[in-house]
Amino acid sequence: LRVTFTPLQHDSGKRGGIIAVVADVTEQQQMEHQRREFVANVSHELRTPLTTIKSYVEALLDGAVEEKELSNRFLRVTMSETERMIRLVNDLLQLSRFDSQGVRLHCKEVDMNQMLRYAVDRFSMFGEQQEVALDLEIPEALPSVYIDPDAINQVLDNLLSNAIKYTPQSGRVVVHAQHLRQQERVQISITDTGIGIPSRDLKRIFERFYRVDKARSRGQGGTGLGLAIARELVQAHGADIEIASEWNVGTTVTFWVPSFRGGSAG
Ligand code: ADP
């Protein structure tokens, strides 16, 4: 608490009491703390790939460039770290836009069934590469939904890429959808048989840059911002997103979107 005292003075010059202002600054301090932590995180996240790139380029200049195979490998690392840095900056720009302007949605009636099929199709190759089976379990008669398709596609991309990334070979990822008629919502969940998330990390997993294993995330090309962005996008629809997980067993991320009621968001 911060307390400030201001003495009151009458026109005549006589003193007439004191105003005490008691302000709760804990929230302010917390925000300031979060801001500093965020800036430190951003700097660190940018420095890490830059340091890697620098050392590989140095090695190339020191002579590795003469060896074809070695230089090929070094250039590939440089390329993938550059790509990750671009993803990181794009994710940061998107979050900063959300912070300054709010999330702008362009909602319309969308066929969820088709949207989920397309999302799974987009990831079929990645799934095959990682030897993770990708299945769709959705009822034929799923109602259309009222959403911003670009936003929800991004949510699906982030969640599907996580599910595949964090699932070892011969695992399985299932996309499940269900109409909750009474709630006028459609529930979508993505379940994997992957490495899972320890329960102590679950509470904070949607925070920006919060990761269970930073090295593993970076190794997979991650930015640590995918879940934070997904949550912003889902919440902008007035909806929720939840995660349930068990270490070494698997993870389920569930979110809800409003079903279409002929022109209103429901
Ligand atoms: P990242 O780019 O690191 O994947 P995200 O914000 O998408 O960033 O996820 C944050 C962290 O949550 C990940 O680093 C990982 O530790 C954990 N995580 C997310 N999805 C899963 C999943 N399906 N299985 C296991 N861990 C996950």
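I call a residue buried under 20% relative accessible area, exposed over 50% and partly exposed in between (1.4 Å probe, protein chains only). By that rule I noted Phe-74 as buried, because its relative accessibility is 13%.

This is a predicted model, where local features need pLDDT of at least 70, side-chain atom pairs count only at pLDDT 80 or more, and totals for chains, interfaces and linings use all residues. Residues are numbered from 1 along each chain as its sequence is written, and side-chain values use heavy atoms, with hydrogens and water left out.

**Aromatic pairs**

I looked up ring pairs (Phe, Tyr or the six-membered ring of Trp, centres within 6.5 Å; planes under 30 degrees apart are stacked, over 60 edge-to-face, the rest tilted). The structure has three of them. In one, the ring centres of Phe-38 and Phe-209 are 5.8 Å apart and the planes stand at 35°, so I logged the pair as tilted. Phe-38 sits in helix H1 (residues 26-61) and Phe-209 in the loop between helix H6 (199-202) and helix H7 (214-219), so parts 171 residues apart in sequence are tied together. Helices are DSSP runs of H or I, at least four residues, and strands are runs of E, at least two, numbered from the N terminus. Phe-209 is buried at 3%. Phe-38 is partly exposed at 26%.

Next I checked Tyr-56 and Phe-74: centres 4.9 Å apart, planes at 75°, so edge-to-face. Tyr-56 is in helix H1 and Phe-74 in helix H2 (residues 68-101), 18 residues apart.

**A charge over a ring**

I found the charged end of Arg-208 over the ring of Phe-38, 5.7 Å from its centre. The rule asks for NZ of Lys or CZ of Arg within 6 Å of the ring centre and within 35 degrees of the ring normal.
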